[in-house]
Amino acid sequence: MNGERFAAEVTVIGFDGDDTLWHSEDAFARAQERLVDLLAAHATDAEVLARLQEIERRNLELLGYGIKGFTLCMIETAIEVSNGKVPVTDIELLLEAGREMLARPVELLPGVAETLPLLANGYRLALVTKGDLLNQESKIARSGLADLFETISILSEKTPDSYLQILRRLEIDPEQFMMVGNSELSDVWPVVAVQGWAVLVPYPLTSMHESGFSRNQSSPRLRTLTRIDELPALLSGAGGPSSATV
């Protein structure tokens with residue numbers, strides 16, 4: 001670091017998409033509430049959500065992340081929890097929930113529309129997200145942000161190796177790269193592990209895939225912000241010290 005500036009060496013800033021640039025997890029939460037309501041006669045809320053999480057994890061390698069796989073997992077959960085007694089009408093409601101999630105408008109988080117063009121004046125920007133390819137491509141196109149990114153990567157998982165591959169394509173060293181995202185598991189620790197920089201901007205809701213993974217540790221290569229529009233001040237040194245723990 002150079003004086004009060006954080007990550008002064010950085011030339012490329014990577015951004016996560018879901019729940020960093022635009023809302024996503026709130027739609028999953030509403031769909032889970034619908035599932036719980038449909039299965040209220042068969043199991044408690046906690047039992048339904050625990051079964052859904054178990055089914056998502058066992059299907060992850062086959063279905064990956066995203067709304068389509070999530071919808072299939074909700075249907076499988078309904079069948080298992082009800083011992084096959086779930087009516088077809090309830091299956092139709094779960095399918096409709098999935099369609100609504102796919103069709104929802106892209107709603108940018110506060111400060112995103114103003115902050116990214118500002119940062120693009122001084123940095124190369126990259127989008128590094130994960131999930132269903134078609135759905136992510138659609139959200140990126142509808143976000144109005146696509147032209148700001150030099151490169152867009154849609155990954156099945158965010159690992160140290162996947163980040164290193166991106167850095168090789170960008171022809172930069174790890175200390176020249178910063179990742180901004182809402183997930184410790186995906187956006188922070190894999191980047192810190194390769195000697196890059198990370199900024200965590202927590203989202204109020206946490207995906208079941210991301211929950212329970214906090215390492216409760218600090219790093220001089222990590223800062224935590226409340227909103228994304230605090231990022232320019234952090235990078236310029238005008239915002240004062242920020243938390244290095246999560």
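Ser 82 sits in the loop between helix 3 and helix 4 (88-103), where helices are DSSP runs of H or I with at least four residues and strands are E runs of at least two, numbered from the N terminus. This is a predicted model, in which local features need pLDDT of at least 70, side-chain atom pairs count only at pLDDT 80 or more, and totals for chains, interfaces and linings use all residues. Residues are numbered from 1 along each chain as its sequence is written, and side-chain values use heavy atoms, with hydrogens and water left out.

Ser 82 has a relative accessible area of 1% and is therefore buried (under 20% relative accessible area; exposed is over 50% and partly exposed in between, with a 1.4 Å probe and protein chains only). Beyond its neighbours within four places in sequence, Ser 82 is in contact with Leu 39 and His 42, contact meaning heavy atoms within 4.5 Å.

Helix 3 (residues 67-81) packs with helix 1 (residues 25-38) at an angle of about 15°, their axes being 11 Å apart. That angle makes the two helices roughly parallel, a term for angles under 35 degrees. In this pairing, Phe 28, Ala 31, Gln 32 and Leu 35 of helix 1 meet Ile 67, Phe 70, Met 74, Thr 77 and Ala 78 of helix 3.

Key
Axes fitted to C-alpha atoms, helices over the stretch in contact; angles between N-to-C directions. Parallel < 35°, antiparallel > 145°, perpendicular 65-115°, else oblique.
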